[in-house]
Each structure stands twice: as C-alpha cells, then as structure tokens.
Amino acid sequence: MKSKASIWHHWQATVTVLFAVGVFCFWGFLRPWQVLERESMQLFLWNTDYFLDRIAVPGGLARYLGEFLGQLFYVIKYGSFVTALLLTAIQWLTWLLLRRMVGRWKNGLFGLSFLPAIVLCWLLCDMDVQLTLPVAVLLVLLMALALPRKVRLLCLIVLVPVAYWLVGPVAFLLVLLPFDRLHGRAVAESAGLVLLLTVCVLISARMVAYPLERLWQGVDYWAAQPDKAGTDEEMTYDYLQRLRDWDAIVEASYKEAPQSLSCQYTVLMAKWNRKQIGDEELKQCLSNTNQVLTSCTAALMMSDLYLRLGFINMSQRTAFEAMEGISNYNKSGRSMMRLVETALVTGQTAVALKYITLLEQTLFYRGWAQQMRGLALHPEHIVNHPVYGPLRQIWEQSVDVFFY
Amino acid sequence: MRGAIRDMVLSGLLTLLLAACTLRPVNVQQTDRLPEIFPDYIGVTIPVELAPLNFCMGDEDYTTIDVEVKGKQGGSLHANGPYADFDIDDWHQLLKANAGSQIVFSVCAEKDGHWTQFRDFTVAVSRYPLDEWGITYRRIAPSYTMYSHMGLYQRDLSNFDETALLENTQVTGHCLNCHTANRTNPDQYVYHVRGKHGATVVHRQSGDEVLKARNDSLGGSLVYPYWHPGGRYCAFSTNKTAQMFHTVKNKRIEVYDSSSDVFVYDTETHTILCDTLTMRKDWVENTPAFSPDGQWLYFITARRQVFPADYDREKYSLCRVSFDAATGRLGTQVDTLVNTRTTDKSVTWPRPSYDGHYLMYTQTNHGYFSVWHPEADLWLLDLKTGETCCMDEVNSAQAESLHNWSANSRWFLFTSRRGDGLYTRVYFSSIGNDGKATKPFLLPQQDPRGYDRSSLYSFNTPDFTSRPVSADAYESGRRLENPHRTETKTREMLH
C-alpha cells in the first residue's frame, strides 16, 4: 500500500522512467543495427583541433557533443542507453519548461512534454537525421531553464546570438519564451528576437563556408546529401555479418529476399559458410564491384566481404569509398581500421601510421590502434600474423586484374 | 591581498613548470652523423621570403630537439621543444641577412634522457628571389570515385597562413577542380565545378562569368585549362574520363580517357574553337599549354587504345602547333617534340617556363594521369637545344607531377608522394643556370609531423600566385546556386 501510494505520488517520474526504458529497449533490441551504424559514420577525436573545427561553425557545440555521445554507440547497449538518457532528459526538461511557462501544474501538459522526445526518437530512425539535432534541443532547453525570470528580455538578447552559434537555428525556441508571461509586449519581444536571430543567420553566412539555406536548416541537423547512409535492409545485414551470424542472415533472406546487391552477396557468403554453396557460386560476389556500392553501409559490408575473400585492394577501395561517401563529410573509425589493415598488408606502413595516429585519439579504437602501431613499426612481423600474414601472401601472389 | 599572493604563486609555479619543460642539452654526446630530420631540409636551397623550416627528428623516440641556426653572414636563431619552431620574424631577418649565402643548423636531440649533438648541416639561401606571395592548390583526399570535403585554398609562403577560396561545403557535394591562374596572376583565373550546380567559372578583373559546365556540341566539360598570356584565350581539353582499379601491389587506380580533345576557348566571344588538328578521330589529345609568348600551343597526343586490354599501350607524345592570337587559329603543322616511338614512354602535363627556356613535363610508363603512377618523374626539355633530361635531382621512387613555374622561372613547385606513397605534398626547387635543380624541400608547416599525421588530404594542382587571390566564397556559392549560365558556342576549323 505504501509503495502504491509512493508510485501514485511520483507517477510522472515513473512514467518518465518507463519511457526511458522503452527508448532503451527500442534501440537496443529493435534497431541495434542502426545504433552501430551511426558510430560507423563518424570518427570523434579527443584533441583540441577537432573541437575547434566543430565550434567554428554555427551549431558546432551541439554537433561536437552529439558526436561525443555518438562514439559510445560503438557498443549497442551504451548507445541505446545514451539515446534513452538524451530523449528522457529532453522530455523532462520540456515538462519543467512547460510548467514554468504555464505557471500551473497540469496533467495534460505532462503528456505534451513527451511530444518533442517522441518526435525526435522517430526522426532518429532516419539515418539522415544526426544526433546534433536532439543535442541542440537539449541544450536550448537547458538554456531556457537557466534563464532568470526577471530581466528576461535582456538575457535573451545576449543569449540568442550565443545560442545560435553554439546550437544552431534550434535557438529559435528561445524566442517563444516571452509568451510565458502572456502580456501585450510578448509578441513584440518575440518578433524582435526573431529579427535578431535572422540577422545572426545572415551574418554567419558571411563568416562560414556554408550556404544560407544550410544555415537556416542547421548545418548538421540532417544530412546535406540524403540517402547515402544505407537502407534498413543494408544496415540489418551489415549488423548480422559483423556478428558472423550466418544462420540469421540466411533465415532473413528466406523470409524476404534482399533487394540490395550487397545484401545478396552477404547471403552468398553466409551460405558458403554454412556449406550450402561452393566456391564457384561464391565468386558471384566479385561481380558488379561498382553497382554494389549503393550506400556507405553497403560499401562497409562489401569491404568486410572482400577482405574475407582475400581481395585486399577491393576491400581497401570500398572502405575508402564508404568513408568518403559520408554525407556530412565525417570520417569513419570503422573504415579507418580497415584502411590500417589493408595498408599494413600492402606494405604502406607510413600510410598505416597516419591512420593509427588518428585512431589512437579515439576512445574505442585506441587499444587496437596501439597494437597495430607495433606491427607498423616492425612490418617484418606481419608475415607471422595469423590474419595479415596469409592475406599478405595472397596479395603478393595476385595477378593484376582490373575491377571497376 | 590573498588573491594577489595566490596569483603570484601561480605565475611563479607556471614559470618554473615552463622552464622545466624547456630541456636544455646537458652531457651531450657528439656524433658525426647528420640528423635524420623530418622534413628533410638538409642541403636544400630556399628563397629569402620563405616561412621557417620547422622540423622534428625523424625518430619519434627523440622527445626534445634543440637547434641553433647561425648565418654565415651574421645572425642567429634558437629553438627548443618537441620540434624546432622558429620565430617567423626572426627567421626572416636571418634569411635577409644571409641572402646568397648559407645558414648553418646545429642540432641536438634528446632520447631516453641522453642528448646527442649531430653533425651540422647547411641550407643555402638563394640570391634569386621568389617574388610570388604564395601558392594556390586544391586539397582533396586521394580517393577513388567518391569524394568528401575538398576545397581550393591559398597559402602565404612567408608564414603558415592558409585561407580557403572555395570549399564544397559552400556548394554541398560538388567537386571543385582545375583552378588555374594566368601566369600566377590572381586577377585572371578559371576553375571548374562538377555537380548539380556545375559550371566553369572564368574570373577576370571585370568579374566572374559562369559558363555552362558542358557544351552539348562538344559532348563534354572544359577541363585542364591553360591561359594564353594575352588573357583572351584559354586552352582546355574535354575528356570522357573513367577509372579502373588494380588488384596488384603499389598501384590502386588507372585513370584513362575513352576520348579527349584539345581546343582553345575565346573568352570574349564565348566560342570554343574546334580544330581538327587537335580533335582527331582515333587519337586522344590532352593537357594543353601555351608557350610564354603565346605563339605555340603544346599538347600531348596518343593513339586511342582499347581498354582495359591495351591500357598500357596508350603512350602520349609531346607536340606543339602554332597559334595566331589575332585570328584565334591554330597552324597547319604539328611538331612532335618528344616522340613516344623513340622513348617508349608517355608524356603528360607540359609546362613551359615563362622565360621560354625550358618545358617541364612528367614522364610515365603509359597513360597521362600521373599521380597514380609511382614511376612518374619530372623531365626537362631544353627548348633551345631540344634535349631532354630526367630531373634526377628532384625525382623519387614515388609519383612526381603537377608542376608549375614561378614567374621569374627560377623556382618551380610540384607534387610528390615520396612521403608515404599516397598523400601528395607540395615540394619546391630552384633551377640554376646549368639547368640543374636543387634538392627539393617540402612546403613548410608550423608543426610538420602533426600536420602530416593528421591531414587526410592530398595537395593537387598547386601553382604560384603573385598576390593573394581575392575571392568571396559566399558570392561564389551564390553565383553557382543561381541557375543562370552563359552558353558557349563552337566554331569548326577544318584542315
């Protein structure tokens, strides 16, 4: 009885916690492949230059923090947890802000407070929507709540340009704050703030190398070049092949035949591993080397496949294409790992060291990169490596065949 | 009061900390070896105007380097730290005082707590000025078919300042290429943009003209430009370019053209002057360049091959044909200056010096897209004697190409992959009266190793610029987004 009363009294917190658990389960169990794929599309570096590069552009702090969180997506449960935390924080802060603006506690508003978080969760199902957007929303909510109630307008006049530079055009939400007092001047104040924000955007167009349209939309809220990341199908198959879950791949293909060429080739690899097909059938994977690269995910998947087949240059090429194809010009830790491997196998140790140096400035690739540094500094040991040694042998004995 | 004392103590501690970090050589052991430094600036010849030659030890186990630089005609400098980072103003003073002479570097380096003093080395300070303010180039990853961030940039050669002229964040997802000025003059240049808002942009003092990217009669775009010295004409080629990829070691990509032709574009009448001499059926013509007096058009030509089977049989010869600027017409006879039948090699990127003495080109085993050919080397054709020689002084085991001259033709720059075999960097050298080049030096960077390790870009098509290029990226972007394009027309010249 006592715990039931406690739950009723704290029902809002309970619902919020349930929401968080729901978001965690959604990403962790229903879309784990997308969590991993998000991390594949970035390379967060722990150095000053990376930070300065980001904040040199409007919305840069939101992007930096979004990518900081994005690096944790390397582990599915961390990524799911981070997403749950982010969206739940947005929900709760929205609730606090609504309460402050309305001035009276209302149950109905609590339900409304979930709307931004739910919409953002739905948007994040599209790989073209970056983590920058929910982080920007979170930061704006924090700014709004941090403002003192008195001398509000003066604070907003200072805050709006700063917020725009730090989080991007989501700072627009701040111009709605004067409406909390519902006085006649609210419209005029908001209009003035809209004008101020407009001027900020126009000035920033002269300061940074982005077109005005892009600055209005937010430089990194959504992909400037959409549909390059990959389809749900490609991400699912990529996830399964990274786990080497050949059974699941074959079962998925029986349920619904894959549309994407890279997925079809992955099915062939899975069947070959299950001894359902022979070497000759598997060779089909080597055709259409250009047409198969329908997205960054497809390219990453094919890079793994080509490496397994012993085609080093093809694996290298597709990893490079995947990285260069990322819509917001990010680099990819996953691609870079592959480029280290192929550079070591092909004897380009100086190139490998360049990539290793960068990976050593990351959280999850650092340890592996440090191991690879040993190989790069002592390339004579590569021939004895259980994986790279045989690959080096295959590559050295390759007959030059062109692929397109 | 407490705050003031606290501040003083903190300042003192900070000073002590800094002093401790600046390790000075003690118990130094001498060796007769030259230091292995990165970049390798030992024995190079540099212009007076150049930025400091900052360098570090090649072996990363050396954690501190202490360098004394003394000019033979006076002056000195000192640097100490993880790399030699010279003060820019002091450096320039030292070079000015030693123009035509040498500066001597004494390098001490510390590894595992032990200091080693290496043999001194010299750097010559040329008496020939490099009058150009800086260089322009494109920075792009050494990619295959996809490309990420890239841009056209300029760099002040007297310091480390780089500014963007145009980046493809301004025109999202577009490829920017072929930025070419008229004899280092930033008041006249052309560049090409490929993508949804594709165009060829011609910049002159009167403003920018945005040409339609492709000419339908021509069937292709205007690429590989080279200006006529008079400024009215610009030679281009139009190419159907494709790529194929190697599975064999140390080669990644083979770029080839299924067709290409050379023509001259009249900027005043917007007319593409198509001449059958440089647009022959069954032949591919490419990479044009005008002589400094404007009377000759150099280009390369090869018989078209079947790809991929005969990819290594496509070998270009270097040719020239006369050009009459008054009429815009080519001559009737094509001279072959370097014949692939004699050399069994392929010539590409002819670049005559502006004093008319030499023509520098890249030689490869086959093809013309030299940056992916490790065997690509720089060669020099003496236009007075007709003799060619391989520039062994500047070549390496990796690709050298995409060279250009300074206006006084004493200096030249080129790209090389000698560093790691993949990422192209800009090198400089000078030519003496004997036609011999000096040891090339890498474009200086503030933190050379840091830059080299962190940069994922190659330098592409560098060129000197006499003054800073005045470019408004915002306006350039807006012009490109505007759908208006100037149409070009063609005029056939039959022989």
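Tutor: We shall take the fold of one chain, then two of its residues, and then an interface. Please keep in mind that this is a predicted model.

Student: How many helices and strands does chain A have?

Tutor: Chain A has 22 helices and 0 strands. Its C-alpha trace spans about 80 × 60 × 35 Å along the principal axes. Of its 404 residues, 54% count as buried. Among contacts in chain A with a separation of 6 or more, 67% join residues 24 or more positions apart.

Student: Is V201(A) buried or exposed?

Tutor: The class follows from the relative accessible area, and buried means under 20%. V201(A) has a value of 1%, and therefore counts as buried. This residue lies in helix α11 of chain A.

Student: Which residues does V201(A) touch, leaving aside those up to four places away in sequence?

Tutor: V201(A) touches Y164(A), L212(A), L215(A) and W216(A). For I326(A), which is 125 residues away along the chain, the C-alpha atom is separated from that of V201(A) by 26 Å.

Student: Which residues form a nonpolar patch on the surface with V194(A)?

Tutor: The patch consists of F172(A), L173(A), L176(A), F179(A), V187(A) and V194(A), and together they have about 470 Å² of accessible area. For the whole of chain A, the accessible surface comes to about 18,000 Å², with 65% belonging to carbon and sulfur atoms.

Student: What area is buried between chain B and chain A?

Tutor: Interface size is often expressed as the accessible area lost when the parts come together. Here about 3,800 Å² is buried between chain B and chain A, and carbon and sulfur atoms give 58% of that area. F245(B), T247(B) and R453(B) supply 19% of the area that chain B buries against chain A, more than any other three residues. In terms of contacts, 45 residues of chain B meet 39 residues of chain A.

Student: How many salt bridges and polar contacts are counted between chain B and chain A?

Tutor: The count is 2 salt bridges, and 21 residue pairs are in polar contact, both residues being at pLDDT 80 or more. R206(A) forms a salt bridge with D472(B), with the closest N and O atoms 3.1 Å apart. On the side of chain B that touches chain A, the elements giving two or more residues are β20 (233–245), β21 (253–266), α4 (448–454) and α5 (473–481).

Technical notes. Residues numbered from 1 in each chain as written. Chains lettered and ligands numbered in written order. Predicted model: local features only at pLDDT ≥ 70, side-chain atom pairs only at ≥ 80, totals over all residues. Heavy atoms only, no water. Patch = residues over 30% accessible without salt bridge, like charges linked within 9 Å, V, L, I, M, F, W, Y side chains within 5 Å. Areas by Shrake-Rupley, 256 points an atom, 1.4 Å probe, with all protein chains shown as cover. Salt bridge = Lys/Arg side-chain N within 4 Å of Asp/Glu carboxyl O. Contact = heavy atoms within 4.5 Å. Buried area = accessible area lost by both parts, 1.4 Å probe. Polar contact = N/O pair within 3.5 Å; in protein donor to acceptor, adjacent residues only side chain to side chain. Helix = DSSP H or I, 4+ residues; strand = E, 2+ residues; numbered from the N terminus. Buried < 20%, exposed > 50% of the residue type's maximum accessible area, 1.4 Å probe, protein only.
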